[in-house]
Amino acid sequence: MVKKTVLVTSGKGGVGCSTVAARLGVAYARREMTAVLVDLSFGNPALDLACGLAERVVYDAGDVLCGRIDPRRACLPVISVPRLSLIPGSTKLDGVPGDAEVIRLFETLRGNFDGDVMIFDVPKEIVGALSEFADVTLAVSDFSAASLRATAALNRSPRAKVRMVLNRLPAEKEAGKDLPTVREALDLAGLPLAAILFDEPRLAQDELNEPGAFRARPAVDVPLKNLSIRLAGGHAPLLSGLIRGRKRRKILAAMAKRRLENA
Ligand SMILES: Nc1ncnc2c1ncn2[C@@H]1O[C@H](COP(=O)(O)OP(=O)(O)O)[C@@H](O)[C@H]1O
Ligand SMILES: [Mg+2]
């Protein structure tokens, strides 16, 4: 059985949910831990592409769900990242499976693999059913009001541990002029913070040019590495020294206003 399960979801599409899931897996693997990514987005999977494995998919999470294959046969190693592997999402299944089916799939996958962590990319339609079975659920949002409100509206069990990953903090103050502050973003979403990632314009290019290479991008990798340490009960800074000066003090002050629970 895998030691830890992490769900990654978002209230809205295009905010970086799959990116966070994949890169969090990379962060674990680069820390010498074994990580399995699972794409549960039935219909429009993304992680096979992101991991550079689109051409190699034979079996996927849908085949495991239907009980057609041994779950291990659906698991592909991510070539450029030792210790990271992927169970691709299903293109065949039409629509989202029911809660009971999804929970059964989750338990099957968790039970059939060893390793340190299993990270699930979960559409918002099924996260409500799954979240209480996972160790932690990360809700990803950018700083747009629409996404923050959609985060607040996510279905979740009162027994689930849900934390927020704020994505795409503008690196330049001017660029983020019209966006909510970190404090406002947390208030809108109504969740405790797990991590803040910076906007890294080169990410989209990386995905096109070298899918699956996961070239080091500290603006997202460092906060995710620190998150992986905190998820394991260790201590690592939220802001990782990447922000300095006035901006750092402002963010820290905003965080202090809201009780910060470690993810
Ligand atoms: N921190 C970031 N900085 C810049 N671009 C990002 C960041 N996070 C994600 N993106 C980009 O946003 C797009 C959508 O990301 P994706 O992870 O597919 O979103 P979702 O899974 O929520 O639909 C991708 O092109 C990705 O490269
Ligand atoms: Mg996605």
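This is a predicted model: local features need pLDDT of at least 70, side-chain atom pairs count only at pLDDT 80 or more; totals for chains, interfaces and linings use all residues.
Visitor: Which residues come nearest to ligand 1?

Guide: The shell around ligand 1 consists of 16 residues, and α1 (17–30), β7 (162–169) and α8 (202–209) each contribute at least two residues to that shell. Out of these 16 residues, the ones that come nearest to ligand 1 are Gly14, Cys17, Thr19, Asn167 and Glu200.

Visitor: How much of the area that ligand 1 exposes when taken alone does the protein bury?

Guide: Backbone atoms of the protein approach oxygen atoms of ligand 1 at several places, and one of them is a backbone N or O atom of Gly16, at 3.0 Å. A backbone N or O atom of Ser18 lies 2.9 Å from an oxygen atom of the ligand, while for Gly14 the corresponding distance is 2.7 Å. Taken alone, ligand 1 exposes 560 Å², and the part of this area that the protein buries is 80%.

Visitor: On which side or sides of α7 do its buried residues Val182, Ala185, Leu186 and Ala189 lie?

Guide: Helix α7 covers residues 182–189, and Val182, Ala185, Leu186 and Ala189 are buried in it. An α-helix has 3.6 residues a turn, so residues three or four places apart point the same way.

Visitor: Which residue follows α7, and what is its phi?

Guide: The chain continues after α7 with Gly190. The phi of Gly190 is positive, with a value near 70°.

Visitor: Is Asp206 buried or exposed?

Guide: Asp206 is part of helix α8, and its C-alpha atom is separated by 29 Å from that of Arg149, a residue 57 places away along the chain. The relative accessibility of Asp206 is 8%, and because a residue under 20% is classed as buried, Asp206 counts as buried.

Visitor: How far apart in space are Ala134 and Lys4, C-alpha to C-alpha?

Guide: Ala134 has its place in the loop between α5 (124–130) and β6 (136–141), and with a relative accessibility of 10% this residue counts as buried. Along the sequence, Ala134 and Lys4 are 130 residues apart. In space, however, the distance between Ala134 and Lys4, C-alpha to C-alpha, is 7.8 Å.

Notes
Residues are numbered from 1 along each chain as its sequence is written. Chains are lettered from A and ligands numbered from 1 in the order in which they are written. Side-chain values use heavy atoms; hydrogens and water are left out. Buried means under 20% relative accessible area, exposed over 50%, partly exposed in between (1.4 Å probe, protein chains only). Helices (H or I, at least four residues) and strands (E, at least two) are DSSP runs, numbered from the N terminus. A residue is near a molecule or strand if one of its heavy atoms lies within 4 Å of it. A polar contact is a pair of N or O atoms within 3.5 Å; within protein, one must be able to donate a hydrogen and the other to accept it, and residues adjacent in sequence count only if both atoms are side-chain atoms. Accessible areas come from the Shrake-Rupley method with a 1.4 Å probe; for residues, only the protein chains shown count as cover.
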